[in-house]
Amino acid sequence: MKAPLVVFDLDGTMIDTHYDLLESLNQTIASIGMEPVSYEDLTHLVGQGARVMIRRAFDLKKKPLGDEELERLFVTFIAHYKAGMPGKSTAYPGFLDCLDRLEAAGMTLAVCTNKQEALALPLLTHLGLIDRFSAITGGDTFEFRKPDGRHVLRTIEKAGGDPARSVMIGDSVNDILAAQNANLPSVAVSFGYSDVPVADLNPTVIIDRYEELAVDMVLRLIEAK
Ligand SMILES: O=C(O)COP(=O)(O)O
Ligand SMILES: [Mg+2]
């Protein structure tokens, strides 16, 4: 029997990246004279990677955006965001202890994020977390991404896990839907960037802090399937 596998989302779940995402996004849109977006706005903009985030910012400000300009701004955003890494981004309280106890219980860990790989990998490296995960996949790793269940399933495969013994932890609709589409139990964290209360997403469980994500909870979720 394979070890239990815990699959984590990145932005808003493991790492509080909002300050740096906002900073880089606002720098990027300021370059064409656009007013900054707020944290509240950001919760509606993140979730599908940087390109979609920029496009949604233009929609929010009711500004037209051509494909070429989007690509130019995307390059600006990536350069700014990467250059500042890790910036103010840090793991949420209790997250590192949580990884320690899941690992000590023999569980495997993986990351399934819609952030592009070229951002997720260096960020996790800067934060000293890269070696904790058996697989890390991004929004551009496959031809599909969350909420497509295949993104989670392929992450599990890459990590050497078994979907029947895996759990998805996330903060947004993309994560909970992806888990549901992959027929996995889901844990929603209430402290991330969801634009709706996470209870509305119908996760299997909601946690308010990482102390609640105990080894027993993961085992119970897997066994209850
Ligand atoms: O960067 C994004 O837009 C989303 O990233 P996440 O899937 O790690 O939340
Ligand atoms: Mg997230």
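Modeller: The space that ligand 1 takes up is the largest pocket, where a pocket is, on a 1 Å grid over the protein atoms alone, an open set of points with protein on both sides within 12 Å along at least five of seven lines, and a molecule sits in it if more than half of its atoms lie within 2 Å of its grid points. This is a predicted model, in which local features need pLDDT of at least 70 and side-chain atom pairs count only at pLDDT 80 or more, while totals for chains, interfaces and linings use all residues. Residues are numbered from 1 along each chain as its sequence is written, and side-chain values use heavy atoms, with hydrogens and water left out.

Around ligand 1, with a heavy atom within 4 Å of it, are residues including Asp-9, Gly-47, Gly-49 and Lys-146. The shell consists of two nonpolar, five polar and four charged residues, Gly being counted as polar and Asp and Lys as charged. An oxygen atom of ligand 1 lies 2.8 Å from a polar side-chain atom of Asp-9, and 2.8 Å also separate a ligand oxygen from a polar backbone atom of Gly-47; such a polar contact is a pair of N or O atoms within 3.5 Å. The protein covers 95% of the 280 Å² of accessible area that ligand 1 has on its own, as found by the Shrake-Rupley method with a 1.4 Å probe.

Terms used:
Chains are lettered from A and ligands numbered from 1 in the order in which they are written. A polar contact is a pair of N or O atoms within 3.5 Å; within protein, one must be able to donate a hydrogen and the other to accept it, and residues adjacent in sequence count only if both atoms are side-chain atoms. On a 1 Å grid over the protein atoms alone, a cavity is a set of points where a 1.4 Å probe fits but cannot get out, and a pocket is an open set with protein on both sides within 12 Å along at least five of seven lines; lining residues have an atom within 4 Å of a point.
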